[in-house]
Amino acid sequence: MNHPNAQQTISRPVSCSGIGVHSGKQVNLTLHPAPLNHGIKFRRIDLPDYPVVAARFNKVVDTSLATVIGDDGFIVSTIEHLMAAFAGLGIDNALVDVDSHEMPIMDGSAGPFAEMLMTAGIECQDGPRCFFIINKPIELEEDGKFVGIYPSDDFRVSCTITFDHPLIQTQTLSTVITPDYFLKEIACARTFGFLHEVELMKKYGLGQGGTLDNAVVIDHERVLNEGGLRFQDEFVRHKLLDCIGDFSLLGLPIRGHIVAKRSGHGFHHTFLEKFFLEKNSWQTCTLNGTFHKDTAGHLKQLAN
Ligand SMILES: [Zn+2]
């Protein structure tokens with residue numbers, strides 16, 4: 001189904017609706033095919049002139065509760081799970097129309113988005129895919145949090161989470177991410193929260209759309225959701241999903257090994273800024289090492 005050397009988009013538009021987890025607002029979403037070297041962009045169709053913002057780390061404006069991008073006075077919030085679905089399935093180019101400032105949370109995972117993309121169909125485009133190829137390690141460590149990226153012939157992610165909670169404790173998952181693996185093992189892992197945090201967020205007017213239908217909620221000792229967990233280690237699988245979504249904001253797929261320990265959206269973002277400055281540690285090129293004339297244009301765009 002996948003041709004790693006060619007860029008990919010979806011075959012036809014596909015839509016869904018849902019609610020924003022923080023705003024509680026109904027939102028409609030349509031994913032459109034997009035041309036070569038377009039990347040992933042979000043368009044607010046509820047605002048005058050339909051402003052567009054690229055899903056890139058230099059457009060990130062907030063990471064406190066979710067990944068928020070924005071430009072010239074408008075934002076699109078909670079993009080990380082849809083971004084993980086695009087990256088996990090290897091879709092390079094798409095335009096996302098949204099009629100609110102916050103993306104729908106769906107079931108708290110990337111599963112519904114991945115299903116939408118599969119329903120639309122994935123199409124190879126007539127142009128080579130360019131990758132970030134890691135030549136030298138880049139690492140960042142702060143307050144017990146750690147992110148590193150290392151040379152590798154595939155796209156591998158290793159994630160460790162540690163929570164002082166009997167259901168979680170320390171969970172580690174290290175895996176090569178292929179579209180099949182992403183679909184079966186990662187996409188459906190839901191976001192999670194602790195009951196006391198959920199109550200606190202609601203008190204401050206956040207998480208208004210949050211229910212047991214769109215997050216795993218745990219109290220001191222058990223999962224409150226009726227069907228329990230989807231995977232025994234659903235928590236670390238979701239962290240891995242968030243990691244894939246956040247790193248996709250580099251704008252090109254990665255040939256390298258990401259290692260993340262006790263990290264989150266904010267720390268991933270700090271790492272991406274450091275990554276982009278360390279230009280001697282990576283290069284951008286196609287897998288056979290050649291540059292397409294349009295790819296050169298794309299790289300120029302990335303540098304801006
Ligand atoms: Zn998440």
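Student: Is T78 buried or exposed?

Tutor: This is a predicted model, and in it T78 has a relative accessible area of 8%. The cut-off for buried is under 20%, so T78 counts as buried.

Student: And where does T78 sit?

Tutor: T78 is in the loop between strand 8 (74-77) and helix 1. T78 is not a glycine, yet its phi is positive, about 60°.

Student: Why is that worth a remark?

Tutor: Because most residues other than glycine have a negative phi.

Student: OK, what about the phi of M106?

Tutor: M106 is not a glycine either, and its phi is positive at about 55°. M106 belongs to the loop between strand 9 (94-98) and helix 2 (111-120). With a relative accessible area of 22%, M106 is partly exposed.

Student: Back to helix 1, then. How many of its residues are buried?

Tutor: Nine of the ten residues in helix 1 (residues 80-89) are buried, so the helix is mostly covered. Among the buried ones are E80, H81, L82 and M83.

Student: What follows helix 1?

Tutor: G90 does, with a positive phi near 75°.

Student: How do helix 1 and helix 3 cross?

Tutor: The axes of helix 1 and helix 3 (residues 179-186) come within 7 Å and cross at roughly 140°. That angle makes helix 1 oblique to helix 3; roughly antiparallel would need over 145 degrees.

Student: Which residues meet there?

Tutor: From helix 1, A84, A85, G88 and L89 meet P179, F182 and L183 of helix 3. Six residues of this contact are nonpolar, one is polar and none is charged.

Student: Switching topic: what coordinates the zinc ion?

Tutor: The zinc ion is coordinated by H81 and H238, each through NE2, and by D242, which is listed with two OD donors. The distances are 2.1 to 2.7 Å.

Student: What's the geometry of the zinc site?

Tutor: Irregular, with angles of 53 to 151° among the four donor atoms. For comparison, tetrahedral would need all angles between 85 and 135 degrees.

Student: And how are the donors spaced along the chain?

Tutor: The spacing is H-x156-H-x3-D. H238 and D242 are four residues apart in helix 5 (residues 234-247), so about one helical turn separates them.

Student: Are H238 and D242 buried or exposed?

Tutor: H238 counts as buried, at 1% relative accessibility, and D242 is buried too, with a relative accessible area of 7%. H81, another zinc donor, is among the buried residues of helix 1.

Notes
Residues are numbered from 1 along each chain as its sequence is written. This is a predicted model: local features need pLDDT of at least 70, side-chain atom pairs count only at pLDDT 80 or more; totals for chains, interfaces and linings use all residues. Side-chain values use heavy atoms; hydrogens and water are left out. Donors are N, O and S atoms within 2.8 Å of the metal (3.2 Å for Na, K and Ca); water is not among the atoms, so sites may look incomplete. Four donors count as tetrahedral if all angles lie between 85 and 135 degrees; four count as square planar and six as octahedral if opposite donors are over 155 degrees apart and all others between 65 and 115; anything else is irregular. Helices (H or I, at least four residues) and strands (E, at least two) are DSSP runs, numbered from the N terminus. Buried means under 20% relative accessible area, exposed over 50%, partly exposed in between (1.4 Å probe, protein chains only). Axes are lines fitted to C-alpha atoms, for helices over the stretch in contact, and angles run from 0 to 180 degrees between N-to-C directions. Angles under 35 degrees count as roughly parallel, over 145 as roughly antiparallel, 65 to 115 as roughly perpendicular and the rest as oblique. Contact means heavy atoms within 4.5 Å. Ala, Val, Leu, Ile, Met, Phe, Trp, Tyr, Cys and Pro count as nonpolar, Asp, Glu, Lys and Arg as charged, and the others, Gly among them, as polar.
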